[in-house]
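Here is a short briefing on the structure shown below. Please read it with the coordinates open.

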2 protein chains.
Amino acid sequence: MDTTAPAEQQIRPEDLPTFRYLVPHDELRRRAAALQARLVAADIDLAIVQTNADVGYVAGSILDGWVLVPATGEVKVLARRAAARVQAETCWQVERMVAVKQLVAELGAMGVARGRLALALDVVPAADYLKLASALPDAEFVDLTHHIRSVRAVKSDWELDNHRIAAEQVKEAMHTVAYQVVPGHTELDAARLSEGCLRGAGHQGLIRMRRFGGEMFFGMVCAAANAALPAALDAPLGGSGLYPPAGKGPSLQELRAGDLLVLDLMGCYNGYLSDCTRVVAVGGIETVDEDLLAAQAWCVDVLEQVSATARPGVAPSALYQLALDLAEQSGHAANFMGVAPDQARFVGHGIGLEVDEYPFLARGFDEPLQAGMVFALEPKLVFPGRAAVGIEDAFIVTETGVEALPAQPRTVLVAG
Amino acid sequence: MDTTAPAEQQIRPEDLPTFRYLVPHDELRRRAAALQARLVAADIDLAIVQTNADVGYVAGSILDGWVLVPATGEVKVLARRAAARVQAETCWQVERMVAVKQLVAELGAMGVARGRLALALDVVPAADYLKLASALPDAEFVDLTHHIRSVRAVKSDWELDNHRIAAEQVKEAMHTVAYQVVPGHTELDAARLSEGCLRGAGHQGLIRMRRFGGEMFFGMVCAAANAALPAALDAPLGGSGLYPPAGKGPSLQELRAGDLLVLDLMGCYNGYLSDCTRVVAVGGIETVDEDLLAAQAWCVDVLEQVSATARPGVAPSALYQLALDLAEQSGHAANFMGVAPDQARFVGHGIGLEVDEYPFLARGFDEPLQAGMVFALEPKLVFPGRAAVGIEDAFIVTETGVEALPAQPRTVLVAG
């Protein structure tokens, strides 16, 4: 226990303002058991878990430190600070540890200093890895990434309930923006309005992305040509942002009649995301070019055809291929997902505590869907220098198909 | 150039909605020259720059890829996507490259495949480092971190102008919140109000933090005991957040008369941050306990004494020691910065494109201040289970002292 901050010794779970949101202990134990089963199968002695999303998943608390998950036995949490608070949030034993050498001693005491240790090499900085590898010269280090992402991909009922609340946040925000936006507002005005709605509905603000360099701020609210401008982020639509250091999403450009305003918004509740895209006809539906409305209708059709084939046992790569085939058949291939046909990297992605989770609906992702997975499907078309259209809904994979998250009309929203 | 997305071939700088905010080319060339001087001094052949803040600093564009800075010669940008957009934002030559093997071939062509290559090991993931190290078995890899952080620590006039605008954002938001907040509002209400003000003033939303696991969403808006609750983040004040996965900052607790509401807000304009803390007497100044008001006044006094001694040539560690000495003399040591006296890790930190930049006002940071550095000074006192008080201003180091960013009264704000 933390002996340096007297306050912390007094923290009981029921004293936390967040008491009613704590992750249930049986939920934490289920998660640890699922990870441990994978560790055993992969002949890994112990996982050192240390990136926020993974740590929060296993421990139920975001902490500065390490969560040690042995292949068998109890999970142990080592926290550099606020140990008493972490103890109030988790079911696992928490010890205060500051230095890597203490971690190394702990691993020795657990009998794994010469074992196979797993670290999420896709996110842990090189310097941390090198320090640990040099302090444990007899250990073998392997990658935890695929194992923990696979476990996290299948959600419990408790997790799905949080996803559903996140989806309701977005549904409400979409309609508020569509109701209030008028020509003359800037993209930033519309974005700010959506952000205020989401925060008011209990959105946590922070959105986590796993990929190195991945950054996300609520989503993308861009109109006309700016929605078609590509950005660094590996997403179909980009946007200029306000200035280059925030080079994604809304600009200060004014919305005009005839514009399609794309709202790609992420809800987030108790860590869990939703992801939804709708377009708003800023000056009324009759001001929008007919070919854009037809392209929008095509995206809706693709979303409905692809989602209708999704069920346990189907490969995510097959869903991607179906969308690509539809694009090729319709003559939309050159504009599909913002890149050339041989480059369309995905048509959907898993969501959970991070925006880029398993399963990816992309080439090469052949491990079949399972009930409890949650993915966002987002067929989009980009018309460079002119506009972007598209739709996105999140889906829960059920025993027999998928459930849209949330169910709401897929029509073009009309401003005012 | 990117040949896969026809749109991009047409992008000229003047077509970007962000044209007027592009980093001036002479500013980019100055930055590269400063980094190259350090590379030469450290006998490094080439730096591979690849985390968003560093990339944006050197290239003037956030991109997915690598920025290659040779010790002498021209900087080269390799972008995995949106290459034409990146070209419109930067002065350096941009090539589209997707795979690490292309990067390796490029390094070979540049004659550095057997040289000393620098990577920011504190942020680059272990997997990326291992892949590169294995593809370049004859290269020697060294850490870029200290070099690029040292260069970034000294700001140009162009950068300082952006810092000043960010500071104005916060000044305005503070006063709006203080004016509007009343007992019965929640911490989230106050936070959301501040966020809307900041966004309306052109805040980019995203706030970058370098430290692994560091996450920041505008700042901390917490009252009474919740402001004193420690969080994972290495900061004096924490807060519960709305629920454990966002375990920092505002909760749904209602503000009451007698509470001190701490507003620790970060402005951000064109990438550059400001950082400022004030406290609001929610029910009027006469409702606040006198010992808390005295503690608050003490923090203001420390800020003024410490900032008055800051100037070029003074070690940041000396400023930290002065603050610690004042805490010990006054009997506040046990509550200073939220941790016990032997643990008070810092009393300030540099700010720039990231919230945790050089110089750190902490033990061990002995490299003297230079004109053009920007740091936030934040003496704070934590009374566990009861309240937190404190103040924070950012300062530009001038030739003769410091300039507060922005100049504004350091009194307790009164709600309503």
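Leaving out residues up to four places away in sequence, Asp393(A) touches Asp275(A), Cys276(A), Arg278(A), Leu303(A), Phe375(A), Ala376(A), Leu377(A), Pro406(A) and Arg410(A). Contact here means heavy atoms within 4.5 Å. The model is predicted: local features need pLDDT of at least 70, side-chain atom pairs count only at pLDDT 80 or more, and totals for chains, interfaces and linings use all residues. Residues are numbered from 1 along each chain as its sequence is written, chains are lettered from A and ligands numbered from 1 in the order in which they are written, and side-chain values use heavy atoms, with hydrogens and water left out.

**Asp393(A)**
- Asp393(A) sits in strand S15 (residues 393-397) of chain A. Helices (H or I, at least four residues) and strands (E, at least two) are DSSP runs, numbered from the N terminus.
- Its relative accessible area is 0%, so Asp393(A) is buried. The cut-offs are under 20% for buried and over 50% for exposed, with partly exposed in between (1.4 Å probe, protein chains only).
- The side chains of Asp393(A) and Arg410(A) make a polar contact at 2.7 Å. A polar contact is a pair of N or O atoms within 3.5 Å; within protein, one must be able to donate a hydrogen and the other to accept it, and residues adjacent in sequence count only if both atoms are side-chain atoms.

- Gly401(A) lies in the loop between S15 and strand S16 (402-405) of chain A. Gly401(A) counts as buried because its relative accessibility is 10%.
- Beyond four places in sequence, Gly401(A) contacts Ala310(A), Arg311(A), Pro312(A) and Ile396(A).
- Gly401(A) and Thr309(A) are 92 residues apart in sequence, yet 7.5 Å apart in space, C-alpha to C-alpha.
- Asp15(A) belongs to the segment before helix H1 (25-41) of chain A. Asp15(A) counts as partly exposed because its relative accessibility is 38%.
- Asp15(A) and Ala88(A) are 73 residues apart in sequence and 8.9 Å apart in space, C-alpha to C-alpha.

**Strands**
- In strand S7 (residues 219-223) of chain A, 5 of 5 residues are buried. Gly219(A), Val221(A) and Ala223(A) are buried on one side, Met220(A) and Cys222(A) on the other.
- S7(A) pairs with strand S8 (residues 260-269) of chain A in the antiparallel sense over 5 bridges. Two strands pair if DSSP finds at least two bridges between them.
- Met220(A) stands opposite Asp264(A) in S8(A).
- In chain B, an open sheet of 4 strands runs S7-S8-S9-S17, with mixed pairing. Its edge strands are S7 (219-223) and S17 (413-414), each pairing on one side only.
- S8(B) and strand S9 (residues 272-281) of chain B pair in the antiparallel sense over 10 bridges. Cys276(B) in S9(B) is the bridge partner of Leu265(B).

**Interface of chains A and B**
- 85 residues of chain B contact 85 residues of chain A.
- The two chains bury about 7000 Å² between them, 60% of it on carbon and sulfur atoms. Buried area is the accessible area (1.4 Å probe) that two parts lose on being put together, summed over both.
- The interface has 8 salt bridges by the rule: a side-chain nitrogen of Lys or Arg within 4 Å of a carboxyl oxygen of Asp or Glu.
- Asp234(A) forms a salt bridge with Arg81(B), with the closest N and O atoms 3.3 Å apart.
- H8(B) gives the largest share of the side of chain B that touches chain A, 8 residues.
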